[in-house]
Amino acid sequence: MENAIRIGAVAAVAALGLAGCLGTRPPARAQAAAIEVPAIARPGGETPEWWFRAGAAAAQRARAGTAGQARNLIVFLGDGMSIGTIAAARILEGQRRGDSGEENRLSFEDFPYTALSRTYETDQQTPDSAGTMSAIMTGVKTRAGVIGVTQRVPRGDCAALAGNEAASLLELAAAAGMATGIVTTARLTHATPAATYGHQPDRHWEHDGAMPASAHAQGCIDLARQFVAFPFPLDLALGGGRARFLPATQPDPERPGTTGLRRDGRDLVAEWLRRPGAVYVWNADQLAAIDPAAAGPVLGLFEPGHMNYQHQRARDAGGEPGLAEMTRVAIERLARKPHGYFLMVEAGRIDHAHHAGNAFRALDETIALSDAVRTAVAMTDAADTLILVTADHAHTMSFVGYPVRGNPILGLVRGVAHEDDNESGPVLDLLGRPYTTLGYANGPGYAGASQAQGAGAKRFPHAPRTVEPAVGRPDLAAIDTTDPDYLQEALLPLASESHSGEDVAVFARGPGAEAVRGSLEQNVLFHLLAQASEPIRRTLCRIGSCTAQGVPVHLPDRRRLLPVTRGER
């Protein structure tokens, strides 16, 4: 029997240093020696090295008996897409087709492998998007509010940044010679997309004007600049956030009276265009007009801020591509590269709609994500492309009452009066008033009066600064709760609805997908993806260390990737 690799303490893990890979990948289905993970004092005894090794061990166990190796990796991230959101969105999509809805399936619900992902961060029980996406991208859990760094970097501490940047899947893929792409409906500098390329002690430092003077003095660089100065090959990036790339003196090409936000006078779009063959677009027509044979990198910034909600996109002045269209363009371009690709696609506005207390837009954005996944499935082969669909965290949206089958998911709860009665009617609370199936534990939908809207049902957008105590609940009998701008009631008054700490779902298909099962720590997703990609695995072995069976177990030193240049591929 093979002896397990024995590491008695975290310090011994670190002592592995920069040793090279001790072996090559074993033949298919060979039994690898178990990776032992040192015991730690919980809670709070974990270190970045421990998180990485524990994640590698969990992924190795999950992959036991499988030999899946993927040429291409696609990660779909529904920001804030809780399990309740998935259930409600599937019903809404089905009801839009005239069905009862409950039997419907979103595209990724047909994937053969599923798991649950635990989303807590090293310092927060209920997480944020920065720390959670950083865990998925780097293989180590970290603090809330930081981007692409280990937990050794306190939020806002530039002095602690050096040497604690964690290598991301995007960077590893690019260094391995794979094509790379980012697609998002949020700002390109927002937490989730930024975690693919950025390393920052504060997620809000998206442009230079958002950073304090102390951060500038300590040498921190804003995320927009980090994106343009990305030291690895990047083939495509599509999303919003144009104002973070343009100087404050430059008018926006689409929004009269709007300018960029940069105070340093730098035009980062112009700097992007200095790359050989680089292309920049800011509307759907320009994106569609790109020469498909062109080999240069593509940057698309379609809004000054976040892109429009799907519900409002058709009314956009300049014309925006939808998430499915951006996904199609990304796969078409990346698939032409000779060594496979890594693509991250985010439906960022699910989260924003939930924060606004607006279930309609959250579910509508989830359906748009399902459409994008369907596009990817149609364009790829399950024999060589691993597609993983998940969320970074959940939200407080609740799915309650006993509505009858086929009851409008955005409507009032209607129930059957008697078991032998086919007639349904509104279900009333103890105040004698109807209520909706969907609601929120907190947020802008609180029934009290605010400085913006009177007591009663609220409408989108609503970000109250102050609220008055509500007198009972509003009577919803005459309110159209299916209206896109209706805000579901919230139990507690908050200007922005909060995240939830519950687990989120993971769906997978393709080589290595069999390992997506059970209850996984969120950082394990990185290791499942990395171990399923031979180029990424080899790169991790080169800059870290591996077991004799070729499993990366040591937290890689990102600085060893940096000699890679744009011209080497």
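In which sense, parallel or antiparallel, do strand E1 (residues 72–78) and E8 pair, and over how many bridges? They pair in the parallel sense over six bridges. This is a predicted model, in which local features need pLDDT of at least 70, side-chain atom pairs count only at pLDDT 80 or more, and totals for chains, interfaces and linings use all residues. Residues are numbered from 1 along each chain as its sequence is written, and side-chain values use heavy atoms, with hydrogens and water left out.

**View 1. Strand E8 and its pairing partners.** Two strands pair if DSSP finds at least two bridges between them; strands (E, at least two residues) and helices (H or I, at least four) are DSSP runs numbered from the N terminus. Asn 72 has Thr 385 as its bridge partner in E8. E8 also pairs with strand E18 (residues 504–509), in the antiparallel sense over four bridges, and Thr 390 lies opposite Val 506 of E18.

**View 2. The side chains of strand E8.** Six of the six residues of E8 (residues 385–390) are buried (under 20% relative accessible area; 1.4 Å probe, protein chains only). Thr 385, Ile 387 and Val 389 point one way, while Leu 386, Leu 388 and Thr 390 point the other way.

Definitions and conventions: Buried < 20%, exposed > 50% of the residue type's maximum accessible area, 1.4 Å probe, protein only.
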